[in-house]
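Here is a walk through one protein model, from its charged side chains to its sheet and the helices packed against that sheet. Please keep the sequence and the 3D view open while reading.

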Amino acid sequence: MINVLHLYYDLLNLYGENANLRAIVHNLELNNIKVKVDLKTINDQIDFEKYDIVYIGQGSEENLLLALNDILKRRNDLINYIDNDKYMFLTGNAMCLFGSKINDNKSEIDALNIFDYKSNYLTKSTFKNASSDRTVGEVICTTNLIKHKVIGFQNRCDIISDIDTPIFKTDIKYSNDGTNNNEGFNYKNVYATHLIGPLFIRNPYLLDYFLKKVCESKNLKYESLDKTAIDAYKKYLSNFN
């Protein structure tokens, strides 16, 4: 049995991010592995120790702050969860929650401060590839995790500085802070990225990599069996190129 927590499923679920959970469930069930997904949000009681995977997705800036007010109360539980090498996947602006500060150009807000990086909201002159104060576009990345390229989409209002352990390499305008090619963040089994789309639907090779690691931690056998998703990935990548 794999137990999964979709945290802030109602607040942080822009762009169909809940499809990441459906992809996880689908691929595990193809392997005849039982999986249970719990949906939790603000003020819910949560026993993090029971979960093998915690997933948090992208939300509006307003909803992110609502989630932040709640998740601050769960800081110690999250630290213990991470230290126990459990798996956590963060997509979109969810990674901002786990840094030290969020600067929204009006004030500097305390985040969880589990990791040292800082989030700063964009100004209109920061990037030229999107209108107003957002970075928007289709993104292709490479990674040391798998040999295949990773595809996704970004629609974000922030840059994140002081990350030394990225998971992807991409075009500089879609990087963490716009100064190099680094995208995303990794610590132990925490994997965070600005890529949305949803990430796991569009990247079956990446999903297989993560689910194999999760299953190995539970002494379960996992194989890549969703050939349709792989065909769709290859078709999209050829169209993109």
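Start with K36, D38 and K50, which are joined in a network of salt bridges. The model is a predicted one, and it contains nine salt bridges.

Strand β1, residues 2-7, pairs with β2 in the parallel sense, and six bridges join the two. Strands of a sheet pair through backbone hydrogen bonds, in either a parallel or an antiparallel sense.

How many strands does the open sheet have, and in what order do they run? There are six, in the order β2-β1-β3-β4-β14-β13, and the pairing is mixed. The edges are formed by β2 (35-40) and β13 (185-187), each of which pairs on one side only. From one strand to the next, the twist averages 15°.

Helix α1, made of residues 19-30, lies across β1, β2, β3 (53-56) and β4 (87-91), and runs at about 165° to β2. Helix α3, residues 75-83, also packs on the sheet, where it touches β3, β4, β13 and β14 (190-193). The direction of α3 makes about 115° with that of β4.

Return now to the charged pairs. One of the salt bridges joins E61 to R134, with 3.3 Å between the closest N and O atoms. E61 lies in helix α2 (residues 61-71), while R134 sits in the loop between β7 (118-121) and β8 (135-141), so this pair ties together parts that are 73 residues apart in sequence. R134 has a relative accessibility of 22% and therefore counts as partly exposed, the cut-off for buried being under 20%.

Are the partners of the salt bridge between D70 and R74 buried or exposed? Both D70 and R74 are buried. Their closest N and O atoms are 2.8 Å apart.

A further salt bridge brings together the side chains of D171 and K173, at 3.5 Å from N to O. Here D171 is partly exposed, because its relative accessible area is 37%. K173 is likewise partly exposed, with a relative accessible area of 29%.

Methods: Residues are numbered from 1 along each chain as its sequence is written. This is a predicted model: local features need pLDDT of at least 70, side-chain atom pairs count only at pLDDT 80 or more; totals for chains, interfaces and linings use all residues. Side-chain values use heavy atoms; hydrogens and water are left out. Two strands pair if DSSP finds at least two bridges between them. Helices (H or I, at least four residues) and strands (E, at least two) are DSSP runs, numbered from the N terminus. Axes are lines fitted to C-alpha atoms, for helices over the stretch in contact, and angles run from 0 to 180 degrees between N-to-C directions. Contact means heavy atoms within 4.5 Å. A salt bridge is a side-chain nitrogen of Lys or Arg within 4 Å of a carboxyl oxygen of Asp or Glu. Buried means under 20% relative accessible area, exposed over 50%, partly exposed in between (1.4 Å probe, protein chains only).
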